[in-house]
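Work through the exercises below with the sequence and the 3D structure open beside you. Try each task before reading its solution.

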Amino acid sequence: MKTDKILIIGANGQIGSVLTETLREHYGTDSVIASDIREKEEPTGPFELINVLDKDRLNEVVDQYGITQIYHLAAILSAKGELNPLGTWDINMNGLFNILELAREKSIDKVFYPSSIAVFGPTTPPNQTPQDTVLTPTTVYGMSKVAGEYWTNYYYLKYGVDVRSVRYPGIIGYQSMPGGGTTDYAVDIFHEALDNSAYTSFLDKDTALPMIYMEDAIRATIELMHADEARVKVRTSYNLAAMSFTPEQIAQEIQKHIPDFKMSYAPDYRQAIADSWPNSIDDQVARQDWGWKEQFGLGEMVQDMLKNLSKKLVV
Ligand code: AKB
């Protein structure tokens, strides 16, 4: 029987670092090869330095380990992407093309490609945004994810490459820090609440955005990758939802645990990005096709974040 060998590209990032550990629990440490453009300080298993724009290096690592599945997580996110639009397009699109071509040429069994709520835009219906709707992103990150979704669909239809994807909302977790996103405030707020009992949000108090707890995001990713091929009917990317809240609502929830926590607001250029995204997402199609269901709402998430981050602080 062929054994699964998994390559994670962008394994040092917010999702990659947690996904690496979870996949190692499922498949065994030596079957999951972590890779990133930067060295990993204390690797917990096999690690390779890979720049996703270097196709020869990708080929070399895929051959060396006999890779059968790839999780391609390397990308520049929404806020950072606006500081270097053409560089972001280069990394996000040419990185994806390298992975898709590799998957085609080497008959890789499955590829995971993350999309995002950034594919939506100001003319998208903002409440309970449906699966099939208007995609008018205003960020280069969102544009690259729309194009990426269509390219993954194309490789599936034309070459039979089994690429699977979800449109992640903002991801909140205690294990790792996000970088360069518009939803990052919802992680930063916990660190500042515990360190200083105060946080200044770069989004305004009534800006509702779709979010998901890390445990749920990782479980959704693995459940989609494990679903029978026949059940994966959407080959662009699945809407995925768990909760939606505003900065004011998360602050109020944190105040239930830290009563002297003070929130203030100083919106910056990320406000316009957040304003262009939906308030909430309809993910009925993911629920029907492969049985998606979240476990964490706002209250459970805040409690679990504070519990785990406080443990980290004490140690
Ligand atoms: C971002 O804010 O750019 C990301 C995302 C929603 O894809 N977290």
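This is a predicted model: local features need pLDDT of at least 70, side-chain atom pairs count only at pLDDT 80 or more; totals for chains, interfaces and linings use all residues.

**Exercise 1.** Find out which stretches of the chain make up domain 1 and domain 2, and how far apart the C-alpha centres of the domains lie.

Solution. Begin with the division of the chain: domain 1 consists of 6-170 + 213-239, while domain 2 consists of 172-211 + 242-314. Then take the C-alpha centres of domain 1 and domain 2, which lie 23 Å apart.

**Exercise 2.** Describe the interface of domain 1 and domain 2 by its contacts, its buried area and its polar pairs.

Solution. As a starting step, look for heavy atoms within 4.5 Å of each other, which shows that 40 residues of domain 1 are in contact with 42 residues of domain 2. Next comes the area, since the size of an interface is often given as the accessible area lost when the parts come together. Between domain 1 and domain 2 about 3500 Å² is buried, and carbon and sulfur atoms give 57% of this area. Turning to the polar side, the rule finds 21 residue pairs in polar contact across the interface, with both residues at pLDDT 80 or more, but zero salt bridges.

**Exercise 3.** Which element gives the most to the side of domain 1 that touches domain 2, and how is that side made up by class?

Solution. List the elements that give two or more residues to this side of domain 1, namely helix 1 (14-27), helix 3 (78-81), helix 7 (214-226) and strand 12 (238-239). Of the elements, helix 7 gives the most, with seven residues. Sorted by class, the side of domain 1 that touches domain 2 has 19 nonpolar, 13 polar and eight charged residues.

**Exercise 4.** Give the strand order of the open sheet of six strands and of the open sheet of three strands, and name the edge strands.

Solution. In the open sheet of six strands, the order is 3-2-1-4-5-7, with parallel pairing. Strand 3 (47-49) and strand 7 (163-164) each have a single partner strand, so one side of each is left without a neighbour in the sheet. Strand 7 is joined to strand 5 (residues 110-112) by two bridges, and V163 in strand 7 is the bridge partner of V111.

The open sheet of three strands has the order 6-8-12, again with parallel pairing, and its edge strands are strand 6 (115-116) and strand 12. Two bridges join strand 6 to strand 8 (residues 166-168), where Y168 stands opposite S116.

How values were computed. Residues are numbered from 1 along each chain as its sequence is written. Side-chain values use heavy atoms; hydrogens and water are left out. Domain bounds come from an automatic or database domain assignment. Buried area is the accessible area (1.4 Å probe) that two parts lose on being put together, summed over both. A salt bridge is a side-chain nitrogen of Lys or Arg within 4 Å of a carboxyl oxygen of Asp or Glu. A polar contact is a pair of N or O atoms within 3.5 Å; within protein, one must be able to donate a hydrogen and the other to accept it, and residues adjacent in sequence count only if both atoms are side-chain atoms. Helices (H or I, at least four residues) and strands (E, at least two) are DSSP runs, numbered from the N terminus. Ala, Val, Leu, Ile, Met, Phe, Trp, Tyr, Cys and Pro count as nonpolar, Asp, Glu, Lys and Arg as charged, and the others, Gly among them, as polar. Two strands pair if DSSP finds at least two bridges between them.
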